[in-house]
Amino acid sequence: MIALSDSVFFTPEAYLELEEKSNIKHEYIDGQVYAMAGTTDTHNTIAGNLFLLIRNHFRGSDCRVYFADIKAQVEKRNRFYYPDIIVTCDPKDRETPTYKRFPKLIIEVLSESTEGFDRGDKFNDYQTLDSLEEYVLVNSKHQRVETFRRNGQGLWVLQTYTPDEQTFELQSINLIAPFTELYENVELEAISPTGYDYTQK
């Protein structure tokens, strides 16, 4: 994750104006703007498969699913992120065409350079979204889905799915889908012998 400038502070409004004109996506963290790195075909294929599964599930409903280019605003932490998949069923989200404030489901496809952030600070920020019911991490090196669900006490409970179960469940939107469709046409990424690099976004 590379900051545009450590000396320049952006208001949320200035950031949103910048994004409208930029050819490169940036995330916004408390006044600082960070350029996003590109993705891989594995990452993109998994996210595309998820989008199709969820969009087909939502046909005829008022819920919406967005893929890659729509931001999630985390107002309590003064952040804007680009989730891989964001789902909202709140009509108020139709008022903001480039970002959503009331997601019920957010999905991130893990990559070597982002996994630490997706599991750590980003998830911590997402937890401040009162509307969020489920946060899902999809692995690009193994066929594995990790779902974090907010229970009645406000605690986040983890459930992990592997191909042994044949299907995975997104409880927030009442969807059960097969692993074969999630990982269709996917070549899993190689595992780095040096481990993960958590220093980059």
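Which residues does Leu50 touch, not counting residues up to four places away in sequence? I found Ile85, Ile107, Val109, Val138, Phe168 and Leu182 as its partners, with contact meaning heavy atoms within 4.5 Å.

I am working with a predicted model, where local features need pLDDT of at least 70, side-chain atom pairs count only at pLDDT 80 or more, and totals for chains, interfaces and linings use all residues. Residues are numbered from 1 along each chain as its sequence is written, and side-chain values use heavy atoms, with hydrogens and water left out.

**Cores.** I looked up the nonpolar cores next (sets of buried Ala, Val, Leu, Ile, Met, Phe, Trp, Tyr and Cys residues joined through side-chain atoms within 4.5 Å; buried is under 20% relative accessible area with a 1.4 Å probe, protein chains only). The largest has 27 residues, and Leu50 is among those with the most contacts inside it, along with Ile54, Ile107, Val138, Phe168 and Leu170. Elements supplying at least two residues each include helix H2 (41-57), strand E9 (105-109) and strand E13 (167-170); helices (H or I, at least four residues) and strands (E, at least two) are DSSP runs, numbered from the N terminus. H2 gives the largest share, six residues. I also noted a second, separate core of 18 residues, with Tyr81, Ile86, Ile106 and Phe148 among its members.

**Asp118.** I found this residue in helix H3 (residues 115-119), buried at 2% relative accessibility. Its side chain makes a polar contact with the side chain of Lys122 at 3.3 Å (a pair of N or O atoms within 3.5 Å; within protein, one must be able to donate a hydrogen and the other to accept it, and residues adjacent in sequence count only if both atoms are side-chain atoms).

Conventions
Buried means under 20% relative accessible area, exposed over 50%, partly exposed in between (1.4 Å probe, protein chains only).
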